[in-house]
Amino acid sequence: MNEKILEIENLTVSFDGFRALNNLNFSLNTGELRVIIGPNGAGKTTFLDIITGKTKPTEGTVRFKGKNLRPFSEHQIARMGVGRKFQTPRVYLNLSPRENLELACNRIKNVFSTLFRKTPTAERRTVGGLLETIGLAHKADMRANLLSHGEKQWLEIGMLVAQSPDLLLVDEPVAGLTDEETERTGELLVSLAQSHSIIVIEHDMEFVRQIAQGQVTVLHQGSVLCEGSFDQVQSDPKVIEVYLGQEVDAHTPPADLSSAAVSESIS
Ligand code: ADP
Ligand code: MG
(Lines give C-alpha, C1' and ligand atoms only; values in the text may rest on other atoms or scores of the structure.)
(Ligands and ions follow the chains in the order given, each with its own letter.)
Protein backbone atom coordinates (compact mmCIF):
# COMPACT_ATOMS: atom_id res chain seq x y z
CA MET A 1 0.00 0.00 0.00
CA ASN A 2 1.16 3.50 -0.84
CA GLU A 3 2.02 5.36 2.34
CA LYS A 4 0.78 8.61 0.78
CA ILE A 5 -2.82 8.42 -0.32
CA LEU A 6 -2.60 11.83 -1.97
CA GLU A 7 0.39 13.59 -3.51
CA ILE A 8 -0.01 16.95 -5.19
CA GLU A 9 2.92 18.56 -6.96
CA ASN A 10 3.29 22.05 -8.38
CA LEU A 11 -0.43 22.38 -8.87
CA THR A 12 -1.64 25.50 -10.65
CA VAL A 13 -5.22 26.21 -11.67
CA SER A 14 -5.86 29.30 -13.77
CA PHE A 15 -9.25 30.80 -14.50
CA ASP A 16 -8.72 33.23 -17.38
CA GLY A 17 -5.20 33.91 -16.17
CA PHE A 18 -6.16 34.22 -12.48
CA ARG A 19 -4.37 31.60 -10.41
CA ALA A 20 -6.89 30.19 -7.97
CA LEU A 21 -4.21 27.65 -7.05
CA ASN A 22 -0.61 28.63 -7.50
CA ASN A 23 2.20 26.09 -7.51
CA LEU A 24 0.68 24.24 -4.60
CA ASN A 25 2.37 21.23 -3.01
CA PHE A 26 0.54 18.97 -0.61
CA SER A 27 0.54 15.39 0.54
CA LEU A 28 -1.63 13.30 2.82
CA ASN A 29 -0.64 10.08 4.53
CA THR A 30 -2.93 7.10 4.36
CA GLY A 31 -5.15 7.17 7.43
CA GLU A 32 -4.49 10.82 8.19
CA LEU A 33 -7.15 13.36 9.21
CA ARG A 34 -6.09 16.76 7.87
CA VAL A 35 -7.85 20.05 8.46
CA ILE A 36 -7.44 22.81 5.87
CA ILE A 37 -8.19 26.39 6.78
CA GLY A 38 -7.69 29.66 4.94
CA PRO A 39 -9.37 32.98 4.30
CA ASN A 40 -12.16 33.37 1.76
CA GLY A 41 -10.85 33.05 -1.77
CA ALA A 42 -7.74 31.13 -0.64
CA GLY A 43 -8.58 28.32 -3.06
CA LYS A 44 -10.01 25.71 -0.66
CA THR A 45 -13.03 24.77 -2.73
CA THR A 46 -10.98 24.75 -5.94
CA PHE A 47 -8.56 22.41 -4.18
CA LEU A 48 -11.38 19.91 -3.52
CA ASP A 49 -12.68 20.38 -7.09
CA ILE A 50 -9.26 19.33 -8.36
CA ILE A 51 -9.09 16.20 -6.21
CA THR A 52 -12.56 15.07 -7.29
CA GLY A 53 -11.83 15.79 -10.96
CA LYS A 54 -14.51 18.47 -11.26
CA THR A 55 -11.75 20.88 -12.33
CA LYS A 56 -8.57 19.81 -14.11
CA PRO A 57 -5.13 21.26 -13.25
CA THR A 58 -3.64 23.86 -15.58
CA GLU A 59 -0.24 22.58 -14.48
CA GLY A 60 1.00 20.01 -12.02
CA THR A 61 -0.06 16.57 -10.93
CA VAL A 62 -2.46 15.01 -8.47
CA ARG A 63 -1.76 11.42 -7.55
CA PHE A 64 -4.29 9.36 -5.61
CA LYS A 65 -3.02 6.00 -4.34
CA GLY A 66 -0.05 6.49 -6.62
CA LYS A 67 -2.14 7.07 -9.75
CA ASN A 68 -2.13 10.31 -11.73
CA LEU A 69 -5.76 11.46 -11.78
CA ARG A 70 -5.51 13.63 -14.89
CA PRO A 71 -7.03 11.16 -17.38
CA PHE A 72 -9.95 10.22 -15.14
CA SER A 73 -13.44 11.71 -15.03
CA GLU A 74 -15.17 12.86 -11.86
CA HIS A 75 -17.26 9.70 -11.91
CA GLN A 76 -14.23 7.45 -12.31
CA ILE A 77 -12.38 9.22 -9.52
CA ALA A 78 -15.36 8.70 -7.22
CA ARG A 79 -15.27 5.00 -8.07
CA MET A 80 -11.54 4.89 -7.35
CA GLY A 81 -12.43 5.82 -3.77
CA VAL A 82 -12.75 9.58 -3.40
CA GLY A 83 -15.96 10.64 -1.64
CA ARG A 84 -17.03 14.24 -1.22
CA LYS A 85 -19.42 15.68 1.29
CA PHE A 86 -20.87 18.98 0.13
CA GLN A 87 -21.89 21.73 2.48
CA THR A 88 -25.61 21.31 1.91
CA PRO A 89 -26.88 17.85 2.84
CA ARG A 90 -28.09 15.85 -0.16
CA VAL A 91 -30.41 13.30 1.37
CA TYR A 92 -33.80 12.09 0.22
CA LEU A 93 -36.10 13.98 2.56
CA ASN A 94 -39.15 11.83 1.89
CA LEU A 95 -37.26 8.67 2.85
CA SER A 96 -36.10 7.51 6.27
CA PRO A 97 -32.45 7.46 7.33
CA ARG A 98 -32.52 3.66 6.96
CA GLU A 99 -33.86 3.88 3.40
CA ASN A 100 -31.35 6.57 2.49
CA LEU A 101 -28.51 4.37 3.73
CA GLU A 102 -29.89 1.30 1.95
CA LEU A 103 -29.87 3.25 -1.30
CA ALA A 104 -26.32 4.42 -0.72
CA CYS A 105 -25.16 0.86 0.06
CA ASN A 106 -26.83 -0.57 -3.04
CA ARG A 107 -25.21 2.01 -5.24
CA ILE A 108 -21.86 0.27 -4.76
CA LYS A 109 -23.17 -3.18 -5.56
CA ASN A 110 -22.44 -2.98 -9.24
CA VAL A 111 -20.39 -5.19 -11.48
CA PHE A 112 -17.39 -2.91 -11.37
CA SER A 113 -16.97 -2.96 -7.61
CA THR A 114 -17.79 -6.65 -7.34
CA LEU A 115 -15.20 -7.63 -9.90
CA PHE A 116 -12.40 -5.20 -9.39
CA ARG A 117 -12.43 -3.93 -5.85
CA LYS A 118 -11.48 -5.77 -2.76
CA THR A 119 -14.02 -5.39 -0.02
CA PRO A 120 -12.62 -3.05 2.60
CA THR A 121 -13.90 -3.26 6.12
CA ALA A 122 -16.10 -0.21 5.69
CA GLU A 123 -17.84 -1.81 2.73
CA ARG A 124 -19.00 -4.66 4.88
CA ARG A 125 -20.71 -2.26 7.21
CA THR A 126 -24.37 -2.97 7.56
CA VAL A 127 -27.03 -0.30 7.45
CA GLY A 128 -27.60 -0.97 11.15
CA GLY A 129 -23.95 -0.42 11.89
CA LEU A 130 -23.93 2.82 9.94
CA LEU A 131 -27.00 4.05 11.81
CA GLU A 132 -25.12 3.40 15.06
CA THR A 133 -22.00 5.13 13.80
CA ILE A 134 -23.86 8.31 12.86
CA GLY A 135 -25.98 8.26 16.01
CA LEU A 136 -29.33 7.93 14.24
CA ALA A 137 -30.37 4.41 15.22
CA HIS A 138 -33.22 5.81 17.31
CA LYS A 139 -34.51 7.83 14.35
CA ALA A 140 -33.88 5.20 11.69
CA ASP A 141 -37.44 4.99 10.44
CA MET A 142 -38.74 8.54 10.58
CA ARG A 143 -38.80 10.69 7.48
CA ALA A 144 -35.53 12.49 6.95
CA ASN A 145 -37.32 15.84 6.59
CA LEU A 146 -38.00 15.66 10.33
CA LEU A 147 -34.29 15.48 11.18
CA SER A 148 -32.39 18.54 12.40
CA HIS A 149 -29.82 20.13 10.12
CA GLY A 150 -27.05 18.39 12.06
CA GLU A 151 -28.75 15.00 11.83
CA LYS A 152 -29.11 15.44 8.07
CA GLN A 153 -25.40 16.18 7.86
CA TRP A 154 -24.61 12.98 9.78
CA LEU A 155 -26.94 11.02 7.52
CA GLU A 156 -25.14 12.32 4.48
CA ILE A 157 -21.79 11.46 6.02
CA GLY A 158 -23.20 7.98 6.63
CA MET A 159 -24.30 7.72 2.99
CA LEU A 160 -20.83 8.67 1.90
CA VAL A 161 -19.23 6.11 4.22
CA ALA A 162 -21.65 3.47 2.86
CA GLN A 163 -19.87 3.83 -0.47
CA SER A 164 -16.58 3.09 1.31
CA PRO A 165 -14.36 5.82 0.00
CA ASP A 166 -10.70 5.58 0.93
CA LEU A 167 -10.48 9.36 1.03
CA LEU A 168 -13.29 11.47 2.45
CA LEU A 169 -13.43 15.16 1.52
CA VAL A 170 -15.62 17.18 3.84
CA ASP A 171 -16.43 20.81 3.10
CA GLU A 172 -17.46 22.91 6.12
CA PRO A 173 -19.44 20.24 7.95
CA VAL A 174 -20.51 22.36 10.91
CA ALA A 175 -21.78 25.52 9.24
CA GLY A 176 -25.17 26.27 10.78
CA LEU A 177 -25.01 23.56 13.44
CA THR A 178 -25.65 24.01 17.15
CA ASP A 179 -22.68 23.75 19.53
CA GLU A 180 -23.74 20.28 20.60
CA GLU A 181 -24.18 19.11 17.01
CA THR A 182 -20.80 20.60 16.16
CA GLU A 183 -19.13 18.63 18.90
CA ARG A 184 -20.84 15.40 17.88
CA THR A 185 -19.84 15.97 14.26
CA GLY A 186 -16.26 16.28 15.45
CA GLU A 187 -16.53 13.00 17.35
CA LEU A 188 -17.99 11.33 14.25
CA LEU A 189 -15.17 12.54 11.98
CA VAL A 190 -12.50 11.56 14.50
CA SER A 191 -14.02 8.08 14.76
CA LEU A 192 -14.23 7.75 10.96
CA ALA A 193 -10.58 8.73 10.78
CA GLN A 194 -9.75 5.33 12.28
CA SER A 195 -10.72 3.69 8.99
CA HIS A 196 -10.45 6.48 6.38
CA SER A 197 -8.14 9.21 5.20
CA ILE A 198 -10.03 12.47 5.62
CA ILE A 199 -9.62 16.10 4.54
CA VAL A 200 -11.87 18.58 6.33
CA ILE A 201 -12.17 22.19 5.24
CA GLU A 202 -13.43 24.30 8.07
CA HIS A 203 -13.95 27.87 9.26
CA ASP A 204 -14.96 27.22 12.85
CA MET A 205 -11.73 27.34 14.86
CA GLU A 206 -13.19 25.74 17.99
CA PHE A 207 -14.16 22.83 15.80
CA VAL A 208 -10.72 22.73 14.20
CA ARG A 209 -9.20 22.62 17.66
CA GLN A 210 -11.46 19.68 18.52
CA ILE A 211 -10.67 17.53 15.50
CA ALA A 212 -7.14 18.54 14.51
CA GLN A 213 -5.08 15.63 15.79
CA GLY A 214 -2.07 16.19 13.59
CA GLN A 215 -1.22 18.67 10.89
CA VAL A 216 -3.32 21.65 9.92
CA THR A 217 -2.72 23.21 6.51
CA VAL A 218 -3.30 26.92 5.91
CA LEU A 219 -4.04 27.97 2.34
CA HIS A 220 -3.56 31.54 1.18
CA GLN A 221 -3.71 32.91 -2.36
CA GLY A 222 -3.70 29.45 -3.84
CA SER A 223 -0.62 28.16 -2.04
CA VAL A 224 0.21 26.51 1.26
CA LEU A 225 1.06 29.33 3.68
CA CYS A 226 2.07 27.01 6.48
CA GLU A 227 1.49 23.60 8.02
CA GLY A 228 1.79 22.46 11.59
CA SER A 229 -0.13 21.51 14.68
CA PHE A 230 -3.19 23.58 15.53
CA ASP A 231 -1.25 25.52 18.15
CA GLN A 232 1.68 26.18 15.83
CA VAL A 233 -0.55 27.38 13.01
CA GLN A 234 -2.70 29.50 15.24
CA SER A 235 0.24 31.39 16.67
CA ASP A 236 2.13 31.73 13.36
CA PRO A 237 2.57 35.46 12.63
CA LYS A 238 2.00 34.84 8.90
CA VAL A 239 -1.38 33.27 9.61
CA ILE A 240 -2.43 36.02 11.97
CA GLU A 241 -1.44 38.64 9.42
CA VAL A 242 -3.44 36.97 6.67
CA TYR A 243 -6.58 36.76 8.77
CA LEU A 244 -6.28 40.20 10.32
CA GLY A 245 -5.44 41.65 6.90
CA GLN A 246 -8.69 40.27 5.63
CA GLU A 247 -10.52 41.91 8.50
CA VAL A 248 -8.97 45.31 7.85
CA ASP A 249 -9.48 45.11 4.08
CA ALA A 250 -13.01 43.90 4.14
CA HIS A 251 -14.25 45.82 7.19
CA THR A 252 -15.90 42.62 8.30
CA PRO A 253 -14.89 40.10 10.92
CA PRO A 254 -12.60 37.41 9.54
CA ALA A 255 -14.78 34.64 8.23
CA ASP A 256 -12.46 31.79 8.99
CA LEU A 257 -10.49 32.43 12.15
CA SER A 258 -12.78 33.32 15.02
CA SER A 259 -11.93 36.62 16.63
CA ALA A 260 -11.49 34.74 19.89
CA ALA A 261 -8.83 32.57 18.30
CA VAL A 262 -7.06 35.58 16.84
CA SER A 263 -6.98 37.52 20.07
CA GLU A 264 -5.84 34.42 21.89
CA SER A 265 -3.01 33.91 19.47
CA ILE A 266 -1.76 37.48 19.58
CA SER A 267 -2.10 37.95 23.31
P1 ADP B 1 -12.26 29.41 -1.07
O2 ADP B 1 -13.06 28.16 -1.16
O3 ADP B 1 -10.98 29.25 -0.29
O4 ADP B 1 -13.05 30.56 -0.54
P5 ADP B 1 -12.25 29.24 -3.97
O6 ADP B 1 -11.50 28.02 -4.29
O7 ADP B 1 -13.73 29.17 -4.04
O8 ADP B 1 -11.79 29.80 -2.54
O9 ADP B 1 -11.79 30.39 -4.94
C10 ADP B 1 -10.43 30.81 -5.08
C11 ADP B 1 -10.37 31.96 -6.05
O12 ADP B 1 -10.64 31.49 -7.37
C13 ADP B 1 -11.39 33.04 -5.75
O14 ADP B 1 -10.78 34.29 -6.00
C15 ADP B 1 -12.49 32.76 -6.73
O16 ADP B 1 -13.17 33.94 -7.09
C17 ADP B 1 -11.74 32.19 -7.93
N18 ADP B 1 -12.54 31.21 -8.68
C19 ADP B 1 -13.00 30.03 -8.20
N20 ADP B 1 -13.67 29.37 -9.17
C21 ADP B 1 -13.63 30.14 -10.27
C22 ADP B 1 -14.12 30.00 -11.62
N23 ADP B 1 -14.81 28.93 -12.01
N24 ADP B 1 -13.87 31.02 -12.49
C25 ADP B 1 -13.17 32.10 -12.10
N26 ADP B 1 -12.66 32.29 -10.87
C27 ADP B 1 -12.88 31.33 -9.96
MG1 MG C 1 -15.02 27.77 -0.60
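**From one pair to the sheet**

Guide: Lysine 85 stands opposite valine 170 in E7. The labels come from DSSP runs, numbered from the N terminus: helices are H or I with at least four residues, strands are E with at least two.

This is a predicted model, in which local features need pLDDT of at least 70 and side-chain atom pairs count only at pLDDT 80 or more, while totals for chains, interfaces and linings use all residues. Residues are numbered from 1 along each chain as its sequence is written, chains are lettered from A and ligands numbered from 1 in the order in which they are written, and side-chain values use heavy atoms, with hydrogens and water left out.

Take valine 170 first. Strand E7 holds it. Buried means under 20% relative accessible area, exposed means over 50%, and partly exposed lies in between (1.4 Å probe, protein chains only). Neighbours within four places in sequence aside, valine 170 is in contact with Lys85, Leu189, Ile198, Ile199, Val200 and Ile201. Contact here means heavy atoms within 4.5 Å. Valine 35 is 135 residues away from valine 170 in sequence, but their C-alpha atoms are 9.5 Å apart in space.

Now the other side of the pair. Strand E6 sends Val82 and Arg84 one way, and Gly83 and Lys85 the other way. All four are buried. In a regular strand, side chains alternate between the two faces of the sheet.

E6 and strand E7 (residues 167–171) run parallel, joined by four bridges. Two strands pair if DSSP finds at least two bridges between them. Strands of a sheet pair through backbone hydrogen bonds, either parallel or antiparallel.

Helix H6 (residues 149–162) has 14 residues. From first C-alpha to last, H6 reaches 20 Å, close to the 20 Å expected at 1.5 Å a residue. The expected span is 1.5 Å times one less than the number of residues. H6 is mostly covered, with 13 of its 14 residues buried. Serine 164 sits in the loop between H6 and E7. Its phi is positive, about 40°, although it is not a glycine. Serine 164 is buried too, at a relative accessible area of 1%.

Two further loops deserve a look. Histidine 203 lies between E8 and helix H8 (205–211). It counts as buried at 14% relative accessibility. Its side chain makes a polar contact, at 2.7 Å, with the side chain of glutamate 172. A polar contact is a pair of N or O atoms within 3.5 Å; within protein, one must be able to donate a hydrogen and the other to accept it, and residues adjacent in sequence count only if both atoms are side-chain atoms. Glutamine 221 lies in the loop between strand E9 (216–220) and E10. It has a positive phi near 50°, and it is not a glycine. At 59% relative accessibility, glutamine 221 counts as exposed.

Now helix H1 (residues 44–52). Eight of its nine residues are buried, so H1 is largely enclosed by the rest of the structure. Among the buried ones are Lys44, Thr46 and Phe47. Just after H1, glycine 53 takes a positive phi of about 85°.

Then the ligand. Residues around ligand 1 include Phe15, Phe18, Gly41, Lys44, Thr45 and Thr46. Near means a heavy atom within 4 Å. A polar backbone atom of alanine 42 is 3.1 Å from an oxygen atom of ligand 1. For a polar backbone atom of glycine 43, the distance to an oxygen atom of ligand 1 is 2.9 Å. Threonine 45 places a polar side-chain atom 2.9 Å from an oxygen atom of ligand 1.

Last, the whole chain. It has eleven helices and ten strands. Of its 267 residues, 49% are buried. Among contacts with a separation of 6 or more, 69% join residues 24 or more positions apart.
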